[in-house]
Amino acid sequence: MSGELPFEMPLAEMRKKIEELEQFGQEKGIDFTDEIARLEERYKRLEEEIYSNISPSQKMHLARHQQRPTSLDLIQLIFTDFIELHGDRLYGDDLAVVGGLAKLNGVPVTVLGQQRGKDTKDNIARFFGSAHPEGFRKALRLMQQADKFRRPIITFIDTKGAYPGNTAEERGQSEAIARNLREMSSLGVPVVCVVIGEGGSGGALAMAVGNRVLMLEHAIYSVISPNGAASILWKDASKADQAAEAMKITAQDLLKMEVIEEIIPEPKGGAHKNYEETAESIRSALLRHLSELSGMDACELKEDRYRKFRKIGEFEVAASEPIEQQDEQDAVL
Amino acid sequence: MFKDLFQKKRKYATIPSERLGTAGQQEGERPKREIPEGLMNKCVKCGTIQYSKELEKNLKVCQECGHHMRLNALERIQMTLDETGFEEFDADMISVDPLQFPGYAVKLEQQKMKSGLREAVITGQGSILGQPVVVAVMSFDFFTGSMGSVVGEKITRAIETATEKRLPLIIFSTSGGARMQESILSLMQMAKTSAALARFNELGGLYISVITDPTTGGVSASFATLGDINIAEPGAVFGFAGRIVIEQTIRQKLPDDFQTAEFNLAHGQLDMVVHRKDMRSTLGKLLDMHAVKGGF
């Protein structure tokens, strides 16, 4: 095992002990079968305990795990015949977003994903999965292409957020995100989005206006990264764990708030422990949702998507009472 | 050398203009209202002291340097709309604390006291130079104009009303971004408002977006940039990510005019930059251009 997170350390230590005991027994020709069985039993109990109580901040670390499967990993496992398509036809090809054609259970679909790098070099080329405007515009181009050819759209969300740089601003980062939000709401084909890792802010949402939004069990989705929130709220980015707890960023929280439709279970310990199992769970969820949506025509799909987002928000209507103000303001109305 | 001597006075009076964070609003906003009540007023940009009454007459634009001071939503409505006939929508809609976020409930009360508003946007129907229009006017002095559920809902309802009544829509934006105390619910308001604009757009409605200082984060990345015509006030900061965040990312100092209205105009993000004194007449002309369809 490798890549354990701090909260998994007790497990790793116990595993090491078991292995040492096995080795020692073999070397010395002593039979430790009973002891090992007992330890394995304890290991299982500890595993159950640790993995059934993963806190929001622990989930944040799981969602960002370097070995967590990326969009391309999952695309290769879930679909067949993936053909990657490139470029926004306006400026360039942003590698932070990947997309193309593929078959899901033999049916052609358009698939898009936000793509983190697998190593440092890859990460630099892909801006750590943070898209520039051309990434969002490539995604939109491919989604509108899907609309033309009546293909369902599947998107994988995995980004810390849109790229915060001067080049992105100069080329209209706000406009690219806003246009995607508007145009995605008008698509006449089924759109299913899956948050597979970190869903960070507007950059995530710009590819997540779906009829169905699903999340992997340990994925997170929030308005601002917990690090960003901590630095604004408490002027201390290292309090990200604290912010993660307060901000309700887990799949479980979002399901409760009716922002997402379903949680897709992960293998014990997280998606990175078993790519195939993760991919299979996503695949069966996608098939189920797409078959439910396949009965709707273009108008119904648009209406369904509109209603999904229209109902989000909590507020109340107060009895009309004047506001007392500290300093006198020249009331103009 | 002599020049330096004369500039000294200005140096003391300058207050560094604040810059905004990315998606969330900045916590450390000024403790007092920008324009303190009283006889005299100081420009935050150049430090020139001028009579409040004169400044009011000049639409809160500094007579010395032309700096457009931030306006409360009520002031903006008074300056821009015809005097009679403004009908406010959803005046009593207020925020709740859906996440039980630490400190949010208290902060909401403070913001009400400070700004005299119930929320960061006022919506309603009025007219400009006699032409009926649905407006949404944001106010930076309420919670840095941040968008939570109420702002999103009021703006969506205003768009829907404009769609139903076939009226043009003008949104005056100013915001530090999505309100992080409502976390994911705030983020979703971006999709909600943009989807409402898609419907309005499909039915041929005219939407003019007026971007005022500052407009960033979740508001700039949703309805504020989706106008058929995008207008900004001179000097208004308009962008997605905050200057400090960008400087940390690229490890370079950005030019002074970065993300200003003029910078955005040069980069093709705006149709025009319009001085406050010309805003009402410009909007009037644009509404007039769209009032008659066909006719040849």
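Predicted model: local features only at pLDDT ≥ 70, side-chain atom pairs only at ≥ 80, totals over all residues.
**Ground rules.** Local features need pLDDT of at least 70 and side-chain atom pairs count only at pLDDT 80 or more, while totals for chains, interfaces and linings use all residues.

**Extent.** I looked up contacts (heavy atoms within 4.5 Å) and found 77 residues of chain B touching 63 residues of chain A. The two chains bury about 6,100 Å², with 65% of it on carbon and sulfur atoms. Buried area here is the accessible area (1.4 Å probe) lost on putting the two parts together, summed over both.

**Salt bridges.** I asked for a side-chain nitrogen of Lys or Arg within 4 Å of a carboxyl oxygen of Asp or Glu, and the rule gave me 4 across the interface. One that I noted joins Arg199(B) to Glu303(A), at 2.6 Å from N to O.

**Who supplies chain B's side?** Several elements give two or more residues to it, including α3 (73-80), α4 (104-115) and α5 (149-165) of chain B. The largest share, 18 residues, is from α6(B). Helices (H or I, at least four residues) and strands (E, at least two) are DSSP runs, numbered from the N terminus.

I then checked β9 (residues 315-317) of chain A, which pairs with β4(B) in the antiparallel sense over 3 bridges; pairing takes at least two DSSP bridges. Opposite Glu316(A) I found Ile94(B), in β4(B).

Methods: Residues numbered from 1 in each chain as written. Chains lettered and ligands numbered in written order. Heavy atoms only, no water.
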